[in-house]
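Please look over the structure below before reading on, and keep it in view while you work through the points that follow.

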Amino acid sequence: MRKSLARRLAILSDAAKYDASCASSGTQKRHSGPGAGPGGGLGSTEGSGICHAYAPDGRCISLLKILMTNFCIYDCAYCINRSSSNVERARFTPDEIVWLTTEFYRRNYIEGLFLSSGIIRSSDDTMAEMVKVAEDLRVKHDFRGYIHLKTIPEASPHLIEKAGLFADRLSLNIELPTDQGLSRYAPEKKPLGIRRAMGDLRLKIEEAREPTLQTRRRKKFAPAGQSTQMIVGADGANDATILGSSARLYSSYSLKRVYYSAFSPIPDASKSLPLVKPPLIREHRLYQADWLYRFYGFSVDEITEGREDGMLDLDLDPKLAWALGNRDRFPVDINTADREMLLRVPGLGQKVVKSILSARRQRKLTLEDLKRLGASLRKVKPFVTAGGWSPIRLVDRSDLRDMFAPQPEQLALF
Amino acid sequence: MRRIQIEGQGDFDEWRNAARALLAQGVWPDDVAWLSAWEDPGLFGEGEVPVMPEDGARITVPRSFAEAAEAAICHSDENRFPLLYRLLWRLQSSRGLMQDRADRDVAELSRFVKSVRRDSHKMKAFVRFKELDTGMNGRRRFAAWFEPDHFIVARTAPFFARRFADMDWLIATPKGTASWDGQNLAIDPTPASKLRHTDEADELWRIYFSNIFNPARLKVKAMQAEMPKKYWKNLPEAQLIPQLIAGAEERVRAMAAAQPTLPPVFHERLQAEWEEEKSRTLVTPADAGAALAQEISACRRCPLHGPATQAVCGEGPLDAEIMLIGEQPGDREDLAGRPFIGPAGQVLDEGLSQAGLARDRLYLTNAVKHFKYEPRGKRRLHKRPDAGEVRHCRWWLEKEFELIRPKIVVALGGTAYQALTGETKPMEEIRSMPIPVDEGRMLFVTVHPAYILRIPEPDKQARERQRFHEDLQAVVRLHAAQAA
């Protein structure tokens, strides 16, 4: 007997939740309101994404994130949908996905669709069916919301070409930080194929951005770029290896994001992977380090130099850890230091640094000013000099780390 | 003290007209009391609406202030009126004030703006439309109830008109109502009373919400930071939150306690198919060139293969008489898997066509087959391969020699020369002259085209480009002489 739509929605969203990405930002602006052109259609994208709900796991729900089917011919040890799992299987028809997307959209539950799928029959069959959903949404239903399609590395170039025409974002999961890890836990996946596919995507995206000679208009191809995901804590890779992989991915394929997903227990898990608590703090530190690499001018070596085992300090955020290991670079004078150095001060984010640079052209800044600009004084104080404040002795204190590290839990008599 | 009457429901023009008139009359900020009819209806009619004097001068403000004020006026804190007027006053004498975001008033303004923007953003996120029916004109009709903190309905409604153009909708709030019929966006500031519609789709949404939740990663605080409890009562999914939290731990325990199961029957069949597939995909290469390319692709002789996308093998006919050797693939070559297709490749192509050499009659390759680089943000910085890496890769260069047996070998740059001879020499000592090597083969050395691109001075670059073209022409003459 065919399962009800509700039952299949339950199965195929449960199967999709291990993909961390739910972003709906960074695409071209478009809308369906007055002046939007003939037909009107449904939907809009306005640059920044919108999170329409949050689940109790703290993750944003921006898109209808579902699998087309959770049948899969691959047997990746970490995956709930691997072929050796006894999880309940189901599939949607393209029409059902289109219906769910537009009806959810009309009620303002979502920004759009993130469609992924287990591999059925062949890579091309699977990709073709996913592309059909996106095409129906765009062409038949004039849907102007956000679409994110997972791409299958081995799919034919013409399918990827079409996918990029209809989707805002394409993504391809690298899954594990090393080729060895991937061969061990995802024996059917081919690292070389994944890299080549990412390389092809970057070339296609860049090609589309070049204005054509005749029309001087840019073609539209995956305007929100490509992203990927790495599972953290399934294989033995340390943080230096993971971040090294990310740096390689960002610099090589112009990825918009690398998502880190703490390996989390799944129903009917494989024997080859331990069911431990997902390393959420580690995941959090990796995201912070990722930000330092992308927006704060840190190299991966600088971020991971503090410890010999190549792991990030779980007690301290990586910027603070770097600052404590490089005390000779401090204190920094907030009234004279350049942008690069201000960005390295714990507690100063990009926005605050921008405000400092602008405000100090008007007058000399004090700690009180920093507070009004939104900096956390507790963090900033030991590392800066400002009008009327100099912390010189503070940086030399031997207990500086203890001021920031969480207090050890007090022992109770038993 | 001037007592100024104002409705105070986020109408920017209302406040601006009053403020301009006061400023033109030279009224000090400390001498103004703002009476808002919304905050205290008892005061309605108590104050005056100031009038612009005939000879009032034009007032200008920085655009950043105008934008911020338009947002801040929607805030529900009654202090917004005196704050904005004080800032307007101060801006007349200190034009750079808005840049000083640490200034007390500017900081307060940005706090108001932030709060209004957040409220508006949450309205875009948390409005939930319920379907009512289909109108006479065939348009579907929806309605929503939302409770904003500030007077943001007029400010936020155009977003919904841009997004939900093909349906009729109405958003009712305690601070006014917005509605859309496909033509007009209507705003009514009268407080609405709560709507209580239901929609069957909410049940599907709840199913989605509870299944996309991962019980193994409970982070309730993170959820509440972004979806504060005050919004829950109007969100159909929020009623599930307590039970999802309560049941999470038990679900994780059950996952851990579950015994490993035997794989389903289809798994065995699929695994057998993979084995079969593996033997089938071992395709026999079309020719010796393809066979070599397959070997090079699998090369793990040095660590350079790790960060690279793929090995870039030589390209060209197997009977080519001239072989060009560069240093290593660059960024584009690494992505596309073909040699000399990036910016340096274009310089080479230009030189080749100047010299009348057809690229498809040449064999093009590199001394090192993988791209060596250093990640730097979003870009890759080329790194010169070291002697050891060049030596490791010489293995493949020799295989290419055996296969192609070129009569002329053109080394582009020092690394290629080093790969061929094992020596490093200053370019000027070896450049532009045929050097006989074994088996009557000639070696010809010139610069790498990327070197030309790195020269910053335009005239020096043009000269070097010219020299490079002349070198390639010399290769053509050498080739002709060999044939004769």
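This is a predicted model: local features need pLDDT of at least 70, side-chain atom pairs count only at pLDDT 80 or more; totals for chains, interfaces and linings use all residues.

Where the two chains meet, 68 residues of chain B are in contact with 73 residues of chain A.

**Where the chains meet**

- On the side of chain B that touches chain A, the largest share is the eight residues that come from helix 6 (residues 201-212) of chain B.
- Sorted by class, this side of chain B has 42 nonpolar, ten polar and 16 charged residues.

**Pairs of packed helices**

- Two packed helices are described by the angle between their axes and the distance between the axes.
- In chain A, helix 2 (residues 94-106) and helix 3 (residues 123-140) pack at an angle of about 45°, and their axes are 9 Å apart; helix 2 of chain A and helix 3 of chain A are therefore oblique to each other, and helix 2 of chain A passes helix 3 of chain A in a right-handed crossing.
- The residues that make this contact are Pro94(A), Ile97(A), Val98(A) and Thr101(A) from helix 2 of chain A, together with Glu129(A), Lys132(A), Val133(A), Asp136(A) and Leu137(A) from helix 3 of chain A, and by class the contact has five nonpolar, one polar and three charged residues.
- In chain B, the axes of helix 3 (residues 80-93) and helix 4 (residues 104-126) cross at roughly 135° and come within 10 Å, which makes helix 3 of chain B oblique to helix 4 of chain B, and the crossing of these two helices is left-handed.
- From helix 3 of chain B, Arg80(B), Leu83(B), Arg86(B), Leu87(B) and Arg90(B) meet Asp105(B), Glu108(B), Leu109(B) and Phe112(B) of helix 4 of chain B, and this contact has four nonpolar, no polar and five charged residues.
- Also in chain B, helix 12 (residues 343-355) packs with helix 17 (residues 458-483) at an angle of about 50°, with 9 Å between the axes; that makes helix 12 of chain B oblique to helix 17 of chain B, in a crossing that is right-handed.
- Here Gly351(B), Leu352(B), Gln354(B) and Ala355(B) of helix 12 of chain B meet Phe468(B), His469(B), Leu472(B), Gln473(B), Val475(B) and Val476(B) of helix 17 of chain B, and the contact has six nonpolar, four polar and no charged residues.

- Helix 3 of chain B has 14 residues, which at 1.5 Å a residue should span 20 Å, and its end C-alpha atoms are 21 Å apart, which agrees.
- Within helix 3 of chain B, the residues Arg80(B), Phe81(B), Leu83(B), Leu84(B), Tyr85(B) and Leu87(B) are buried, and the buried residues of this helix pack against strand 1 (2-6), helix 1 (12-24), strand 2 (32-36), helix 2 (63-72) and helix 4 of chain B.
- Helix 8 (residues 280-295) of chain A has 16 residues and reaches 22 Å from its first C-alpha to its last, close to the 22 Å expected at 1.5 Å a residue.
- The buried residues of helix 8 of chain A are Glu283(A), Arg285(A), Leu286(A), Ala289(A), Asp290(A), Leu292(A) and Tyr293(A), and they pack against strand 7 (226-232), helix 7 (239-253), strand 8 (257-262), helix 9 (300-304) and helix 10 (318-325) of chain A.

**One residue in helix 10 of chain B**

- Ala288(B), found in helix 10 (residues 288-297) of chain B, is partly exposed, with 13 other C-beta atoms within 10 Å.
- Leaving aside its neighbours within four places in sequence, Ala288(B) is in contact with Leu318(B) and Leu403(B).

**Backbone spots to check**

- Most residues other than glycine have a negative phi, and most peptide bonds are trans.
- Arg405(B), in the loop between helix 13 (387-404) and strand 12 (408-412) of chain B, has a positive phi of about 50° although it is not a glycine.
- Ser432(B), in the loop between helix 15 (427-430) and strand 13 (434-436) of chain B, is not a glycine either, yet has a positive phi of about 65°.
- The peptide bond from Phe330(A) to Pro331(A) is cis, with omega near 0°, and Pro331(A) has its place in the loop between helix 10 and strand 9 (332-333) of chain A.

Terms used:
Residues are numbered from 1 along each chain as its sequence is written. Chains are lettered from A and ligands numbered from 1 in the order in which they are written. Axes are lines fitted to C-alpha atoms, for helices over the stretch in contact, and angles run from 0 to 180 degrees between N-to-C directions. Helices (H or I, at least four residues) and strands (E, at least two) are DSSP runs, numbered from the N terminus. Angles under 35 degrees count as roughly parallel, over 145 as roughly antiparallel, 65 to 115 as roughly perpendicular and the rest as oblique. A crossing is left-handed if the near helix is turned anticlockwise from the far one by less than a right angle, and right-handed if clockwise. Two residues are in contact if their C-beta atoms, placed from the backbone, lie within 7 Å. Ala, Val, Leu, Ile, Met, Phe, Trp, Tyr, Cys and Pro count as nonpolar, Asp, Glu, Lys and Arg as charged, and the others, Gly among them, as polar. The expected span of a helix is 1.5 Å times one less than its number of residues. A residue is buried if 20 or more other C-beta atoms lie within 10 Å of its own, exposed if 12 or fewer, and partly exposed in between; C-beta atoms are placed from the backbone.
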